[in-house]
Amino acid sequence: MNIAIAPLDDTLVDALRHKIDTKTKPVGSLGRLEALALQLGRIQRSLTPALKRPHVVVFAGDHGAATAGISAYPQDVTWQMVENFLAGGAAINVFARQNEIALRVVDAGVAHDFGKREGLINGKIAPGTANYLERPAMSGSQRDTAMAYGRQLAHTLAEGGCNVIGFGEMGIGNTASASLITHCLTGTPLPQVIGRGTGLDDAGLDRKHMLLARALARGGVPANPLEVLAEYGGFEVAMLVGALFGAAEKRMLILVDGFIVTAALLVAHALIPAITGYCVFAHHSGEPGHAYQLKHLNAAPLLDIGLRLGEGTGAALAWPLIQAAANFLDQMASFESAGVSDKR
Ligand SMILES: Cc1cc2ncn([C@H]3O[C@H](COP(=O)(O)O)[C@@H](O)[C@H]3O)c2cc1C
Ligand SMILES: O=C(O)c1cccnc1
């Protein structure tokens with residue numbers, strides 16, 4: 001896959017800063033919104049950036065290792081939640097509706113036959129990954145197919161006029177997958193990046209530690225990020241990696257959700273570091289490994305409200321702040337236009 005992501009250039013930085021600083025407010029007083037406005041202008045290479053057709057895309061996939069007991073919930077919850085997304089009853093449906101964000105749900109590899117389901121994008125690679133306790137989760141060709149699919153999906157949305165995209169996921173057991181990926185790509189000791197996920201009790205957490213240590217003893221730390229992805233990833237994670245690439249290639253603003261989406265970003269970033277220029281980090285996840293991912297990426301999320309759900313909920317909740325950044329840049333008067341006295 002030949003991916004071309006342009007690093008953000010500095011051409012408009014001074015002009016954007018001037019525009020931001022001459023709005024009718026003390027310099028810097030809109031805090032993080034000012035950095036967001038600057039980032040948006042740089043991404044769109046415009047002094048008048050505009051947000052169009054926001055989407056959240058949720059990728060769903062099952063994990064072979066889930067049956068070994070790495071989650072508090074049974075694997076069937078993955079397909080049942082996909083049905084819930086299609087019926088409009090999940091948290092992401094509520095927040096996407098509230099903020100008028102279009103939602104797309106992709107079957108990246110759920111272990112269930114949905115038949116032909118209206119509203120479900122069928123990208124199924126296989127009915128769940130292999131169990132990484134025994135062998136690599138997926139083959140190189142499955143990984144590449146999933147990445148290509150995600151990339152193409154982002155391109156298609158961009159061609160339909162979307163320039164801001166949030167990513168989410170659904171897959172029982174995928175915090176475990178994200179922990180293994182995070183360990184491999186940040187070097188943080190594995191136990192520090194393992195958490196309770198959907199809410200394991202102490203005994204369940206001990207078991208998750210034991211199983212993931214065993215998986216790591218089998219698969220090791222592959223030298224290449226794409227091998228890490230195939231060894232421990234999920235199909236939804238591989239599709240996320242491709243979709244992140246596709247979105248950045250199309251110069252979209254990317255809203256990064258929690259622990260699992262950030263694990264996918266670690267893979268993308270290890271291959272093409274410039275991708276983070278296009279990313280806004282929605283929230284601090286309650287999953288403990290997220291802090292190490294953020295540190296590695298030198299990222300500061302917008303919200304810190306104890307979210308630990310996934311589905312793209314953080315991305316949808318951060319959206320009004322992105323809108324506020326674009327709107328103040330576009331609509332606020334300057335000292336000159338409003339006749340307000342500037343600093344002496
Ligand atoms: C009802 C329900 C809805 C969810 N929505 C997202 N997740 C989240 O939980 C899962 C990851 O946690 P773990 O690794 O512990 O299984 C993912 O599917 C994630 O999106 C959910 C989990 C449940 C139970
Ligand atoms: O941060 C996340 O994305 C997350 C945390 C716990 C469970 N599912 C998702």
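This dialogue examines how several labels assigned to a predicted model follow from their definitions.

User: What conventions apply to the numbering and to the confidence of the model?

Analyst: Residues are numbered from 1 along each chain as its sequence is written, while chains are lettered from A and ligands numbered from 1 in the order in which they are written. The model is predicted, so local features need pLDDT of at least 70 and side-chain atom pairs count only at pLDDT 80 or more, whereas totals for chains, interfaces and linings use all residues.

User: How do you know that the span of H6 agrees with its 13 residues?

Analyst: Helices are DSSP runs of H or I with at least four residues, strands are runs of E with at least two, and both are numbered from the N terminus. The expected span of a helix is 1.5 Å times one less than its number of residues. For the 13 residues of H6 this gives 18 Å, and the end C-alpha atoms are 18 Å apart, so the two agree.

User: Why is H6 called largely enclosed by the rest of the structure?

Analyst: A residue is buried if 20 or more other C-beta atoms, placed from the backbone, lie within 10 Å of its own, exposed if 12 or fewer, and partly exposed in between. In H6, 12 of the 13 residues are buried, so the helix is largely enclosed. Among the buried residues are Asn 174, Thr 175, His 183 and Leu 185. Their cover includes strand E4 (164-170), helix H7 (202-219) and helix H10.

User: What makes the passage of H6 (residues 174-186) and H10 (residues 259-271) a crossing at roughly 35°, and which hand does it have?

Analyst: Axes are lines fitted to C-alpha atoms, for helices over the stretch in contact, and angles run from 0 to 180 degrees between N-to-C directions. On that basis the axes of H6 and H10 come within 9 Å and cross at roughly 35°. A crossing is left-handed if the near helix is turned anticlockwise from the far one by less than a right angle, and right-handed if clockwise; H6 passes H10 in a left-handed crossing. Residues making the contact include Ala 178 and Ile 181 of H6 and Ala 263 and Leu 266 of H10, where contact requires C-beta atoms, placed from the backbone, within 7 Å.

User: Which residues come nearest to ligand 1, and which element gives the largest share of its shell?

Analyst: A residue is near a molecule or strand if its C-beta atom, placed from the backbone, lies within 6 Å of it. Of the 18 residues around ligand 1, Ser 71, Thr 175, Gly 197, Thr 198 and Gly 310 come nearest. H6 provides the largest share, 3 residues.

User: Which residues are closest to ligand 2?

Analyst: The shell of ligand 2 holds 13 residues, the closest being Gly 258, Phe 259, Ser 285, Arg 308 and Gly 310.

User: Is Glu 100 buried or exposed, and what of Glu 311?

Analyst: Glu 100 has 9 other C-beta atoms within 10 Å and is therefore exposed. Glu 311 has 27 C-beta neighbours inside 10 Å and so counts as buried.

Notes: Two residues are in contact if their C-beta atoms, placed from the backbone, lie within 7 Å.
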